[in-house]
Amino acid sequence: LSLMQTEQIQTHGNLWQNLQSSMIVISLGVFLASCVLAGKYPVMTSFALVASILYILSTFSFWWKKSSARSGILIFIASMIFLLTANKSGELNLLAVFVRYSDVMLLLVGMALLRQVMNAINFNAALGAYLLQKKPSRVTLSITLLTAFLTWPMSLGAIPLLLDSLKKVVQPKFNLAKIVTRTVCITMVLMPTTIGAAAVWAAMPDIPHVPAMLVGIPLFLFSILLNQKSRVQLVAEDSHTVSDRGNMTSILAFIGLFWGSFILSLSVLGLNPLQSITFTAVVLFIVSHFANRKKQWAQQLSESAQGISGEVVLLLACSLLTSVCMMLFANIPQGITAFVSGLTTFQCYAIILFVLPLPGILGIHPLIIFSVSWSIFSDYLSGNVVDYQIWICLFIATQLLSPVSINAIFAANSLNVSPGRTSFQMHYGYVLLFNLFALSYLGALSTII
């Protein structure tokens, strides 16, 4: 009897586990699909709301372990209390809350699926083998250039890709994280490679691209110079590091299929770079499943959906907080505008670079900081290429200092630490030195241009 009872309990346990896994995957899928379609069909906002609640509840045991997600829930509750007590809940645009970071959530899904594919073809070993061929003195520079090269197509997705691939062969892993996250950010001075740079680009659409890039080159080179301080060394990993020829064929096929799908989704389907990475990841995941059926695809999907739950909770909370901040700063107090109007260009630059990034340390999202700062300062700046680079430098600083930036979240997710460790604790010295150079260089340039 006891044996039968044990079997029954096991059966019920397995049934519940399967049900939970299905609920997680379906609720996340419906939520993201609703977010994408909500712009055209407002009725999808209701589906997004229900699916997000189901997803958050079904993944509770996973995201509750992450301090960033717990703080996200606190932000969410505090924002809702404010909206209800200030009688502003009627002003809240739920559609904006869900759509604001939907592309970033799609990118999270894409990176989680790419991780599964890369594990299946042992991609990590191939990158490790590539770096082992480099001279030890050139490893830091090689990783910097590799990161810059991958950021153009992959945007912030380059962070988990490189950290997951290299953290076992490059030590110390925190120095590796410094190099990768800083390099991803600094590419913004050359091209709008991330959401942050795209936001500045959208706010200043008349900026000529080539002059803006030329002004950004010294900032890029200075950052690469600063990166050389974060020394790393290679750790040879027995047989895992050397990939065999059969494995190399899989990797070359993976790279070819990645670029083919990525270009197709950008040019033919008209998706943006973040959506394109997710589309590409889905294609690669399906191909990988048919090529290698060792692991059940449902289990892989469930693992991926669970793994990103903490980040999804945090992004939803940040999105709600952004809406609250936009309501609060809809009418800027007269005293602030009077103070800003009396500042010189150089003083405006100094405040943008050294004062405005500080709220990021408290967990205010970089996009919120930019939105509020732009509404205060933009009318008092000339709007030329130098101003454009100052706003980009603000984004670089907040991306690196804020524990709720995608930068910090992706790095923390890959290294399995809290986002505080991969944000202000890791980058405050770098941001200070970089901003001092940016203020001197751009301040001097503003008097000429």
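Modeller: Let me begin with a definition: a residue is buried when its relative accessible area is under 20%, exposed when that area is over 50%, and partly exposed in between, using a 1.4 Å probe and protein chains only. This is a predicted model, in which local features need pLDDT of at least 70 and side-chain atom pairs count only at pLDDT 80 or more, while totals for chains, interfaces and linings use all residues. Residues are numbered from 1 along each chain as its sequence is written, and side-chain values use heavy atoms, with hydrogens and water left out.

Biologist: What makes the rings of F60 and W63 a pair of a particular kind?

Modeller: Rings of Phe, Tyr and Trp (for Trp, its six-membered ring) pair if their centres lie within 6.5 Å, and planes under 30 degrees apart count as stacked, over 60 as edge-to-face and the rest as tilted. The structure holds 14 aromatic pairs. In the pair F60 and W63 the centres are 5.1 Å apart and the planes stand at 80°, so the pair is edge-to-face. Both residues lie in helix 3 (residues 60-63), three residues apart, about one turn of the helix; helices here are DSSP runs of H or I with at least four residues, strands are runs of E with at least two, and both are numbered from the N terminus.

Biologist: How do you know which kind of pair F258 and F262 form?

Modeller: Their ring centres are 5.9 Å apart and their planes are at 5°, so this pair is stacked. F258 and F262 are four residues apart in helix 13 (residues 245-267), which means that about one helical turn separates them. With relative accessibility of 7%, F258 counts as buried, and F262, at 4%, counts as buried too. These two residues belong to one aromatic cluster together with F254 and W259.

Biologist: What makes you say that the charged end of R70 sits over the ring of W64?

Modeller: The term asks that NZ of Lys or CZ of Arg be within 6 Å of the ring centre and within 35 degrees of the ring normal. The charged end of R70 is 5.8 Å from the centre of the W64 ring, and it sits over that ring.

Biologist: Why is the protein said to be as compact as a globular protein of its length?

Modeller: The protein has 23 helices and two strands. Its radius of gyration is 23 Å, close to the 22 Å that the globule rule gives for 449 residues, so the protein is as compact as a globular protein of that length. The radius is taken over C-alpha atoms, and the rule is 2.2 Å times the number of residues to the power 0.38. Of the 449 residues, 50% count as buried.
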